[in-house]
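Dear colleague,

I am handing over the structure below, and my notes on what was found in it follow directly after it. Please read them with the structure open beside you.

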Amino acid sequence: MKTFGGDFDPVREAVEDAVAEFSDRQAARDRSLWLKIANEIGYEAFRDLYLEQISIMRECKLRNPASAFQNRLNRYTGHNSSKGGAR
């Protein structure tokens, strides 16, 4: 377990950066979901995905940055991938 000075939590800080940058409609919902994902995948992976999304946004304007970021997180974690189901 890593110990940081004071009450600094790098996971929460990375999520707050993502919420500030991408979320404009449902910040509380995005924050809650992204905290769960960031704690699951770790600070470094979450931060890398955040920085990739920032880079993409420099190249093109996205209609819904929060949704685009969530899709990137889903691809990384394997959530919402097709694993069979009813046919």
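Arg47 has a relative accessible area of 22% and is therefore partly exposed, a class that lies between buried (under 20% relative accessible area) and exposed (over 50%), with a 1.4 Å probe and protein chains only. This is a predicted model, in which local features need pLDDT of at least 70, side-chain atom pairs count only at pLDDT 80 or more, and totals for chains, interfaces and linings use all residues. Residues are numbered from 1 along each chain as its sequence is written, and side-chain values use heavy atoms, with hydrogens and water left out.

The side chain of Arg47 forms a salt bridge with that of Asp17, at 2.8 Å from N to O, where the term stands for a side-chain nitrogen of Lys or Arg within 4 Å of a carboxyl oxygen of Asp or Glu. Because Arg47 lies in helix 3 and Asp17 in helix 1, the pair ties together parts that are 30 residues apart in sequence; helices here are DSSP runs of H or I with at least four residues, numbered from the N terminus. Asp17 is also partly exposed, at 25% relative accessibility.

By this rule, the count of salt bridges comes to four. Another of them joins Glu52 and Arg72, whose closest N and O atoms are 3.1 Å apart. Glu52 belongs to helix 3 and Arg72 to helix 4, so this pair links parts that are 20 residues apart in sequence. Glu52 is partly exposed at 39%, whereas Arg72 counts as buried at 15% relative accessibility.

Notes: Helix = DSSP H or I, 4+ residues; strand = E, 2+ residues; numbered from the N terminus.
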